[in-house]
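Here is a friendly walk through one protein model, written for someone who likes to know the cut-offs behind each term. Please have the viewer open as you read.

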Amino acid sequence: MTMQTDLVSEEVISHFHPELQDAVRAVNLPEVQDILKKLGKYGLGVALPHMHNEEGMVPLPEEMVSSEDNLKVSFRRRDDVSAKPALPVMWRCGKEVNSVAFCGAECGGCC
């Protein structure tokens, strides 16, 4: 039996960008709860690929990645080659599985 203790209320979901609401709502589904349990065995979880801009929190476009370095998050184009090494920390599956978030290999506080 799935323990649904951290469900997201419709009131909370209504505060998300409309294009993110279905993804957040999916966390409440029994099959996603089961996936979370399976991922948890490996120390993994589920994330919502997003970015922040003048509109607030919006979907992370396919061509963008999130990058954390020295305790600061920025967003850059996927094809923007960084001179600094970074570790992939979040993945998304569209047409294929891609890394969508990176943490600087020497981020100055968390690694």
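How many disulfides does the structure hold? The count is zero, where a disulfide is a pair of cysteine sulfur atoms within 2.5 Å. Cys93 is exposed at a relative accessible area of 59%, whereas Cys103 is buried at 6%. In these terms, buried means under 20% relative accessible area, exposed means over 50%, and partly exposed lies in between, with a 1.4 Å probe and protein chains only.

A word on the ground rules. This is a predicted model, in which local features need pLDDT of at least 70 and side-chain atom pairs count only at pLDDT 80 or more, while totals for chains, interfaces and linings use all residues. Residues are numbered from 1 along each chain as its sequence is written, and side-chain values use heavy atoms, with hydrogens and water left out.

**Overall layout**

The protein has three helices and six strands, and along the sequence they follow the pattern α-α-α-β-β-β-β-β-β. Helices (H or I, at least four residues) and strands (E, at least two) are DSSP runs, numbered from the N terminus. Of the 111 residues in the protein, 24% are buried.

**Strands and their partners**

Four strands make up an open sheet with mixed pairing, in the order E4-E3-E6-E5. Two strands pair if DSSP finds at least two bridges between them. Strands E4 (72-77) and E5 (86-93) each have a single partner strand and stand at the edges, so one side of each is left without a neighbour in the sheet. On average, neighbouring strands of this sheet are turned by 30 degrees against each other, direction ignored; axes are lines fitted to C-alpha atoms, for helices over the stretch in contact, and angles run from 0 to 180 degrees between N-to-C directions.

| Strand pair | Bridges | Direction |
|---|---|---|
| E1 (residues 50-53) and E2 (residues 56-59) | Four bridges | Antiparallel |
| E3 (residues 64-69) and E4 | Six bridges | Antiparallel |
| E5 and E6 (residues 97-104) | Seven bridges | Antiparallel |

Met51 has Val58 in E2 as its bridge partner, and a hairpin of two linking residues joins E1 to E2. Met64 stands opposite Arg77 in E4. Trp91 has Ser99 in E6 as its bridge partner, and the hairpin from E5 to E6 passes through three residues.

**The loop between E3 and E4**

Which phi value does Asn70 have, although it is not a glycine? Asn70 has a positive phi of about 55 degrees. Asn70 is found in the loop between E3 and E4 and is partly exposed, with a relative accessible area of 48%. Leu71 lies in the loop between E3 and E4, and Leu71 has a positive phi of about 65 degrees although it is not a glycine. At 55% relative accessibility, Leu71 counts as exposed.

Lys72 lies in strand E4 and is exposed, at 62% relative accessibility. From Lys72 to Gly104 the separation is 32 residues in sequence and 9.8 Å in space, C-alpha to C-alpha.

**Two pockets**

The pocket search works on a 1 Å grid over the protein atoms alone: a pocket is an open set of points where a 1.4 Å probe fits, with protein on both sides within 12 Å along at least five of seven lines, and lining residues have an atom within 4 Å of a point. Grid points are joined across faces, edges and corners, and a volume is the space filled by probe spheres set on the points.

The largest pocket holds about 290 Å³ of space. Helix H2 (18-26) and helix H3 (30-40) each supply at least two residues of its lining. Among the lining residues are Ala23, Val27, Ile35, Leu36 and Pro49. By class, this lining has eleven nonpolar, no polar and no charged residues. Here Ala, Val, Leu, Ile, Met, Phe, Trp, Tyr, Cys and Pro count as nonpolar, Asp, Glu, Lys and Arg as charged, and the others, Gly among them, as polar.

The second largest pocket has about 190 Å³ of space. Its lining includes Leu39, Gly45, Val89, Met90 and Trp91. E5 gives the most to this lining, with three residues. The classes here are eight nonpolar, one polar and no charged.
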